[in-house]
Amino acid sequence: MNQRFDTILKSGTVVNHDGEGVRDIAIANGRIAEIGGLGQAAAAEVIDCRGLHILPGVMDTQVHFREPGLSHKEDLETGFRAAQ
């Protein structure tokens with residue numbers, strides 16, 4: 001039986017806890033539903049990710065929040081929450 005998802009990110013180089021490898025990522029209801037070979041799956045949108053890296057959510061630690069100095073306006077916690 002063919003699975004159906006909202007979006008499939010096809011053939012991207014996925015970097016996660018399993019290491020690095022070319023995989024597909026299926027998204028359903030705004031969440032990752034499956035990672036692996038999804039050649040038989042269908043989706044409303046398929047995005048070709050060949051040659052691209054797909055990374056888990058990361059925080060860029062080289063951003064310039066208002067610390068030190070004007071932390072009454074913004075600190076690491078409030079700035080990070082605003083960026084989510």
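Strands, like helices, are runs assigned by DSSP and numbered from the N terminus, a strand comprising at least two residues. In the predicted model described here, S11 is found in one such run, strand β1. The mean pLDDT of the protein is 86, and 83% of its residues reach 70 or more. Among the elements of the protein, strand β4, spanning residues 42–48, has the highest mean pLDDT, at 97, whereas helix α1, spanning residues 76–83, has the lowest, at 75.

Strand β1 covers residues 4–16 and includes T7. With a relative accessible area of 14%, T7 falls under the 20% limit and is therefore buried. Beyond its neighbours within four places in sequence, T7 is in contact with I25, A26, I27, A43, E45 and I47.

Strand β2 (residues 19–28) pairs with strand β3 (residues 31–36) in the antiparallel sense, over five bridges. Within this pairing, A26 has E34 of β3 as its bridge partner. The hairpin formed by β2 and β3 has two residues between the strands. N29 lies in the loop between β2 and β3 and, although not a glycine, has a positive phi of about 55 degrees. At a relative accessible area of 72%, N29 is over the 50% limit and so counts as exposed.

G36 belongs to strand β3. Its relative accessibility is 19%, which is under the 20% limit, so G36 counts as buried. Although G36 and R23 are 13 residues apart along the chain, their C-alpha atoms are separated by 5.0 Å. When neighbours within four places in sequence are left aside, G36 is in contact with R23 and D24.

A search of the whole structure finds two salt bridges. In one of them, the side chains of D24 and K10 meet at 3.0 Å, N to O. Because D24 lies in strand β2 and K10 in strand β1, the pair ties together parts that are 14 residues apart in sequence. D24 is buried, with a relative accessible area of 6%, while K10, at 25% relative accessibility, counts as partly exposed. A salt bridge also joins the side chains of R50 and D48, at 2.5 Å from N to O. Here R50 counts as exposed, at 59% relative accessibility, and D48 as partly exposed, at 43%.

In soluble globular proteins, nonpolar side chains tend to be buried together. The largest nonpolar core of the model is made up of six residues, namely F5, I8, A26, L38, A41 and A43. Apart from this core lies another, of five residues, including V14, I25, C49 and I54. One member of the largest core, I8, touches D24, I25, A26, A41, A42, A43, E45, V46 and I47 when residues up to four places away in sequence are not counted.

Terms used:
Residues numbered from 1 in each chain as written. Predicted model: local features only at pLDDT ≥ 70, side-chain atom pairs only at ≥ 80, totals over all residues. Heavy atoms only, no water. Pairing = 2+ DSSP bridges. Helix = DSSP H or I, 4+ residues; strand = E, 2+ residues; numbered from the N terminus. Buried < 20%, exposed > 50% of the residue type's maximum accessible area, 1.4 Å probe, protein only. Contact = heavy atoms within 4.5 Å. Core = buried A, V, L, I, M, F, W, Y, C linked by side-chain atoms within 4.5 Å. pLDDT = per-residue confidence, 0-100. Salt bridge = Lys/Arg side-chain N within 4 Å of Asp/Glu carboxyl O.
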